[in-house]
Amino acid sequence: MTALVWDDAGNRFYETGIDHGVLYPIDTNGAYPLGVAWNGLVSVTESPSGAEPTALYADNIKYLTLLSAEELGLTIEAYTYPPEFEECDGSEAAVLGTYLSQQSRKQFGLCFRTKVGNDVDGEDHGYKLHLVYGCLASPSEKAYQSINESPEAITFSWEVSTTPPSITGGYKPTSLIIIDSRTADAAKLTALEVILYGATAVDPELPLPNEVITLMTPA
């Protein structure tokens with residue numbers, strides 16, 4: 001037996017930051033074949049909901065507890081967004097440079113990275129990749145203000161719902177996959193990042209969950 005130790009060196013972990021945002025508009029086949037960099041990404045808030053208990057009673061006792069389906073919502077905040085997001089936000093170009101609002105909204109996928117730090121390495125200890133599927137942005141307000149003595153850049157914000165794709169292997173459908181660089185196979189993680197971010201003669205794309213699991217499974 002080994003006694004528990006709290007806050008020993010190298011084990012004071014924390015998460016911070018967000019970078020390497022990528023938008024992947026969905027195609028007619030339900031795939032995410034072409035990613036574009038999302039500059040100016042300020043924050044992504046993951047908001048799970050559901051999984052609420054419902055107690056059932058029988059024989060004068062609490063018989064069992066059922067949980068409702070779990071869903072994932074997001075709040076995305078950014079200073080700007082790529083042109084490819086316009087159709088995801090209900091905008092469509094009638095002619096070059098002229099956009100119609102309140103049009104059909106296109107689903108999309110999203111990838112972003114958060115840093116994992118500790119008391120020894122700081123923010124560079126590791127990172128987590130967040131892969132999000134089946135996203136649909138809701139209409140959002142945009143507040144425009146006069147420039148004054150304390151100017152601020154406008155931030156855009158979207159509430160996003162998700163529809164999870166199915167996964168084989170006995171897993172429930174999910175809209176979110178998280179990959180931890182501290183424990184994932186380094187070579188396989190590098191190969192995945194080439195797919196996500198692209199390379200010379202390789203277009204960036206978001207692989208579906210089954211493909212991610214296959215790619216990251218040790219040989």
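Predicted model: local features only at pLDDT ≥ 70, side-chain atom pairs only at ≥ 80, totals over all residues.
# A walk through the strands, cores and pockets

Residues are numbered from 1 along each chain as its sequence is written, and side-chain values use heavy atoms, with hydrogens and water left out.

**Stop 1: the whole chain.** Zoom out. The C-alpha trace spans about 70 × 55 × 45 Å along its principal axes. Of the 219 residues, 31% count as buried. Here buried means under 20% relative accessible area, exposed means over 50%, and partly exposed is in between (1.4 Å probe, protein chains only). Now think about contacts, meaning heavy atoms within 4.5 Å. Among those with a separation of 6 or more, 65% are between residues 24 or more positions apart.

**Stop 2: the largest nonpolar core.** Select Trp38, Ile76, Phe108 and Trp158. Of the 20 residues in the largest nonpolar core, these four touch the most other members. A nonpolar core is a set of buried Ala, Val, Leu, Ile, Met, Phe, Trp, Tyr and Cys residues joined through side-chain atoms within 4.5 Å. Which strands each supply at least two residues of this core? They are S3 (41–50), S6 (70–78), S9, S10 (122–137) and S11 (156–162). S6 gives the most, with 4 residues. Apart from this core lies another, of 18 residues, including Tyr32, Leu192, Leu196 and Val212. In soluble globular proteins, nonpolar side chains tend to be buried together.

Stay with Trp158 for a moment. Leaving aside neighbours within four places in sequence, Trp158 is in contact with Trp38, Leu74, Thr75, Ile76, Ala78, Tyr81, Phe85, Asp89, Ala137, Ser138 and Ser140.

**Stop 3: Thr114.** Next, click on Thr114 in strand S9 (residues 108–118). Is Thr114 buried or exposed? Thr114 counts as buried because its relative accessibility is 10%. Show the side chains and look for His130: the side chain of Thr114 makes a polar contact with the side chain of His130 (2.9 Å). A polar contact is a pair of N or O atoms within 3.5 Å; within protein, one must be able to donate a hydrogen and the other to accept it, and residues adjacent in sequence count only if both atoms are side-chain atoms. Not counting residues up to four places away in sequence, Thr114 touches Glu15, Thr16, Gly17, Tyr127, Lys128 and His130.

**Stop 4: Leu136.** Move to strand S10 and pick Leu136. Leu136 counts as partly exposed because its relative accessibility is 31%. Beyond residues up to four places away in sequence, Leu136 touches Arg105, Lys106, Gln107, Phe108, Glu159, Val160 and Ser161.

**Stop 5: Ser49 and the largest pocket.** Go to strand S3 and select Ser49. Setting aside neighbours within four places in sequence, Ser49 is in contact with Ala69, Glu70 and Glu71. About 380 Å³ of space lies in the largest pocket. Of the 14 residues that line the largest pocket, the closest to its centre are Ala69, Glu70, Glu71, Pro173 and Thr174. S6 supplies the largest share of this lining, 3 residues.

What counts as a pocket here? On a 1 Å grid over the protein atoms alone, a pocket is an open set of points where a 1.4 Å probe fits, with protein on both sides within 12 Å along at least five of seven lines; lining residues have an atom within 4 Å of a point. Grid points are joined across faces, edges and corners, and a volume is the space filled by probe spheres set on the points.

**Stop 6: the second largest pocket.** The second largest pocket has a volume of about 300 Å³. Select Ala143, Gln145, Glu152, Ala153 and Ile154, the closest to its centre of the 15 residues that line the second largest pocket.

**Stop 7: two loops.** Finish with Gln102, in the loop between strand S8 (98–100) and S9. Gln102 has a positive phi of about 60° although it is not a glycine. Then try Ala201, in the loop between helix H1 (186–197) and helix H2 (209–216). Phi of Ala201 is near 65°, also a positive value in a residue other than glycine. Most residues other than glycine have a negative phi.
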